[in-house]
Amino acid sequence: MKVLVTGATGYIGGSVAVRLVAAGHTVVGLTRDPAKAHALDRLGITPVVGTLDDAALLTAQAGAADAVVNAADSDHRGAVEALIAGLAGSGKPLLHTSGSSIVGTDSRGEPSDAVFTEEIMAPGSTWRPAPDKAARVAIDRLVLAAADSGVRSTVLCNTLIYGHGLGPARDSVQIPALVRQARASGVARHVGRGLNVWSNVHIEDVADLYLRALTESPAGSFHFVENGEESFAAISAAIAERLGVAGPEPWDVEAAIEAWGYEPAVYALGSNSRVRASRARRELGWSPRHGSVTAWIGDELTTG
């Protein structure tokens with residue numbers, strides 16, 4: 001298959017692109033930075049320089065591909081519309097990357113018993129996201145609706161991803177933010193009491209699921225991507241031990257927002273996001289191999 005991957009120099013897109021090449025696919029990787037094109041070429045990925053605002057380019061590249069993986073920006077509606085336009089009526093797959101902060105709430109480090117399944121995106125569901133996440137969910141629904149326009153569309157809604165990237169980008173988002181703060185201050189911290197819980201998944205298992213979804217996922221499918229869950233108090237404790245710093249200590253949300261910004265502090269690090277990936281296991285035969293984010297921190301997190 002010839003697969004167009006947006007965000008090919010990023011953490012998720014780069015990891016998926018490398019795994020696609022290893023599986024024998026021809027990969028075209030979109031990058032907005034011409035300086036990074038050489039990095040893709042060295043990995044066996046054909047670079048295309050452009051941005052998500054280049055609608056004509058995206059539509060043409062999607063039309064010339066056998067499949068598209070959109071891993072550049074979960075919130076760029078124009079890019080999704082352009083990719084759908086290029087694939088409409090073809091029956092070709094479109095894998096769109098979303099994130100499970102769509103079910104997050106302003107918990108500020110407090111726990112929640114709410115656990116979500118893929119049924120939240122089923123027709124007739126009464127679930128509604130928080131206002132800050134409504135635009136992202138609308139894009140997810142646009143991708144799912146593309147099934148009615150002859151696109152084999154799938155939304156892969158990733159949880160907290162850990163592990164070192166397989167492509168040009170090594171680091172994910174949430175754990176590296178905690179690590180940078182701990183290194184800079186000498187104290188590992190979490191938002192509030194840190195009792196908030198996120199589902200999580202290793203990047204290698206993420207890449208494996210994208211490959212399965214590329215060939216097996218039915219049109220209009222929505223999949224959560226997770227293999228376990230953990231509190232931020234436990235994650236911060238593992239970071240403190242691995243780095244040899246103090247903590248973990250609670251941090252009031254105002255200080256966390258000042259350090260990390262509103263979106264990361266409130267939704268990426270302070271909320272609960274507990275989901276179950278039952279459909280990927282049942283329908284696609286996905287069997288993730290990595291099951292403990294704290295064990296990974298203790299054994300493999302880079303300390304230098």
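Select Asp-208 to begin: at 21% relative accessibility this residue is partly exposed, a class that lies between buried (under 20% relative accessible area) and exposed (over 50%), with a 1.4 Å probe and protein chains only. The model is a predicted one, in which local features need pLDDT of at least 70 and side-chain atom pairs count only at pLDDT 80 or more, while totals for chains, interfaces and linings use all residues. Residues are numbered from 1 along each chain as its sequence is written, and side-chain values use heavy atoms, with hydrogens and water left out.

A salt bridge is a side-chain nitrogen of Lys or Arg within 4 Å of a carboxyl oxygen of Asp or Glu. Helices are DSSP runs of H or I with at least four residues, strands are runs of E with at least two, and both are numbered from the N terminus.

Then select Lys-133 and Glu-263, whose salt bridge has its closest N and O atoms 2.6 Å apart. Lys-133 lies in the loop between strand S5 (93-99) and helix H5 (134-145), and Glu-263 lies in helix H10 (residues 262-268), so the pair ties together parts 130 residues apart in sequence. Lys-133 is buried, at 3% relative accessibility, whereas Glu-263 is partly exposed, at 35%.

Finally, select Glu-283 and Arg-279 in helix H11 (residues 278-284), four residues apart. Their closest N and O atoms are 3.8 Å apart.
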